[in-house]
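Please open the model in your viewer and keep a selection panel at hand. The stops below go from a sheet to aromatic rings, then to charges over rings and nonpolar cores.

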Amino acid sequence: MLLTRAGWTPDSDKVFFYVQDRAQTWLDFCTVARSGGKPARLFRDKTRAWVSDPGAPHFLKDGSFLLPSERSGWKHLYHFAKDGKLKRALTCGCWETRTLHQVDEATGWVYFSATKDNPIAENLYRIKLDGCGLERLTIGPGDHRVIISPKANLFVDYVSSHQTPPMARLVRMDGKPARTLAVSYTHLRAHETGRNL
């Protein structure tokens, strides 16, 4: 057996931890009281291949949590109740989520990067906690790596593509650009001089 991750629940009342077999064919999500005692297995995650460490759960105020899983064959976000029962799959389809960035419980939006529109590049999306209203927030071609502001009203978009030089932009959540922060002209100079940099 392998203990692959451990951490505290937000109220510091329990410790969560993952247990896996050495072949990593399954992963048990477990908790135990801080005072000790018998651990409780909330659920077992399984896939048709092997189960990688999903990262730390993102806990919500009601004790429920979001966690990625590849149980469908694609990496997607799932919402689990405090007791580990599956509430719903937030995302689904023949694409994968890459990074859960932030959850704005006041508005109900979940912000994440995924490959929905391009299998080899990431875009920023948001979806409601009830699984509806999926929206793409990054605009234009290329690979978009983002950092979202604490208030979830702006994000920094580091974008690169074969059509434009890499740049960093400050973008509002409605997709409108607020400011260009930096542009790299390395690719343009290489094209002009005929050199591969």
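Two strands are taken to pair if DSSP finds at least two bridges between them, where strands (E, at least two residues) are DSSP runs numbered from the N terminus. The model is a predicted one, in which local features need pLDDT of at least 70 and side-chain atom pairs count only at pLDDT 80 or more, while totals for chains, interfaces and linings use all residues. Residues are numbered from 1 along each chain as its sequence is written, and side-chain values use heavy atoms, with hydrogens and water left out.

Begin by selecting histidine 58, whose bridge partner in strand 6 is leucine 66. Strand 5 and strand 6 (residues 65-69) are antiparallel to one another and are joined over 2 bridges.

Next, show the aromatic rings. Rings of Phe, Tyr and Trp (its six-membered ring) pair if their centres lie within 6.5 Å, and planes under 30 degrees apart count as stacked, over 60 as edge-to-face and the rest as tilted. The whole structure holds 12 aromatic pairs. One of these is the tilted pair of phenylalanine 16 and tyrosine 18, at 6.0 Å centre to centre with 45 degrees between the planes; both residues are buried (under 20% relative accessible area, with exposed over 50% and partly exposed in between, using a 1.4 Å probe and protein chains only). Phenylalanine 29 and phenylalanine 43 have ring centres 5.3 Å apart and planes at 15 degrees, so this pair is stacked. Because phenylalanine 29 lies in strand 3 (residues 26-33) and phenylalanine 43 in strand 4 (residues 40-46), the pair ties together parts that are 14 residues apart in sequence. Ring pairs link these residues into a cluster that includes Phe16, Tyr18, Phe29, Phe43 and Phe59.

Now select lysine 128, whose charged end sits over the ring of tryptophan 109 at 4.4 Å from its centre (NZ of Lys or CZ of Arg within 6 Å of the ring centre and within 35 degrees of the ring normal). Arginine 71 likewise lies over the face of tyrosine 78, 5.1 Å from the ring centre.

Finish at the largest nonpolar core, which has 12 residues, among them Leu60, Trp95, Phe112 and Ile127; such a core is a set of buried Ala, Val, Leu, Ile, Met, Phe, Trp, Tyr and Cys residues joined through side-chain atoms within 4.5 Å. Its largest share, 3 residues, comes from strand 10.

Methods
Helix = DSSP H or I, 4+ residues; strand = E, 2+ residues; numbered from the N terminus.
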